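Subject: Structure handover

Hello,

Here is the structure for you to look through. Please open it beside this email, and my notes follow below.

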Amino acid sequence: MSMNRLADRDLDRRNPRAADRPLPSGRLSVPEVALACLLSTALLLFAAWQLNPLCVALFPVAMVVFTGYSYVKRVSWLTHVVLGIALGGAPVGGWIAVTGELTWEAVL
């Protein structure tokens with residue numbers, strides 16, 4: 001979410017619904033949010049490494065989907081499809097974390 005807030009900070013500043021969020025309002029700075037983003041990404045990678053090799057191998061895929069959502073909304077009406085993939089992938093990630101393998105049962 002911090003990546004999304006960074007990507008949208010200029011849009012949020014102009015949006016009355018979002019202008020009072022911590023980053024556009026100035027309560028948090030860009031470096032502070034960027035640091036939180038980097039730390040949470042490092043923590044996610046560490047957690048994946050603690051689970052199994054497949055989680056580590058799929059870590060870049062998850063990051064592309066998470067980060068991609070922030071930018072797809074600028075070029076396509078498929079924003080909610082990408083968000084759905086990101087959210088819908090969570091149970092699949094749980095399956096992979098527990099079993100160490102990606103199977104059709106998990107995807108279905």
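Valine 92 is in contact with Leu102, Ala106 and Val107, leaving aside its neighbours within four places in sequence. Contact here means heavy atoms within 4.5 Å. Valine 92 also belongs to the largest nonpolar core. That core has five residues in all: Ala48, Cys55, Val92, Ile96 and Ala106. A nonpolar core is a set of buried Ala, Val, Leu, Ile, Met, Phe, Trp, Tyr and Cys residues joined through side-chain atoms within 4.5 Å. Buried means under 20% relative accessible area, exposed over 50%, and partly exposed in between (1.4 Å probe, protein chains only).

Two ground rules before you go on. This is a predicted model, where local features need pLDDT of at least 70, side-chain atom pairs count only at pLDDT 80 or more, and totals for chains, interfaces and linings use all residues. Residues are numbered from 1 along each chain as its sequence is written, and side-chain values use heavy atoms, with hydrogens and water left out.

Helix α6
Helices are DSSP runs (H or I, at least four residues), numbered from the N terminus. α6 has 21 residues. From first C-alpha to last it reaches 30 Å, close to the 30 Å expected at 1.5 Å a residue. The expected span is 1.5 Å times one less than the number of residues. Alanine 90 marks a kink of about 35°, shortly before proline 91. A bend at a residue is the angle between axes fitted to the seven residues ending there and the seven starting there. The buried residues of α6 are Thr79, Val82, Ala86, Val92 and Ile96. They pack against α5 and α7. Glycine 100 follows α6, and its phi is positive, near 80°.

Threonine 103 sits in the loop between α6 (79-99) and α7 (104-107). Is threonine 103 buried or exposed? It is buried, because its relative accessible area is 16%. Its side chain makes a polar contact of 3.3 Å with that of tryptophan 95. A polar contact is a pair of N or O atoms within 3.5 Å; within protein, one must be able to donate a hydrogen and the other to accept it, and residues adjacent in sequence count only if both atoms are side-chain atoms.

Helix α5
α5 covers residues 53-75, 23 residues in number. It reaches 34 Å, close to the 33 Å expected. At tyrosine 69, α5 bends by about 45°. Asparagine 52 caps the N-terminal end of α5, with a side-chain oxygen 3.1 Å from the backbone nitrogen of leucine 54. Buried residues in α5 include Cys55, Phe59 and Met63. The buried residues of α5 pack against α1 (2-7), α4 (30-51) and α6.

The cysteines
A disulfide is a covalent bond between the sulfur atoms of two cysteines. The test used is a pair of cysteine sulfur atoms within 2.5 Å. How many disulfides does this rule count? The count comes to zero. Cysteine 37 is buried, because its relative accessible area is 12%. Cysteine 55 counts as buried too, at 12%.

The start of the chain
Methionine 1 lies in the segment before α1. It counts as exposed because its relative accessibility is 74%. Its C-alpha is 9.0 Å from that of threonine 67, 66 residues apart along the chain. Serine 2 lies in α1. It counts as buried, at 19%. Not counting residues up to four places away in sequence, serine 2 touches Val33, Ala36, Cys37 and Ser40.

Best wishes

Notes: Helix = DSSP H or I, 4+ residues; strand = E, 2+ residues; numbered from the N terminus.
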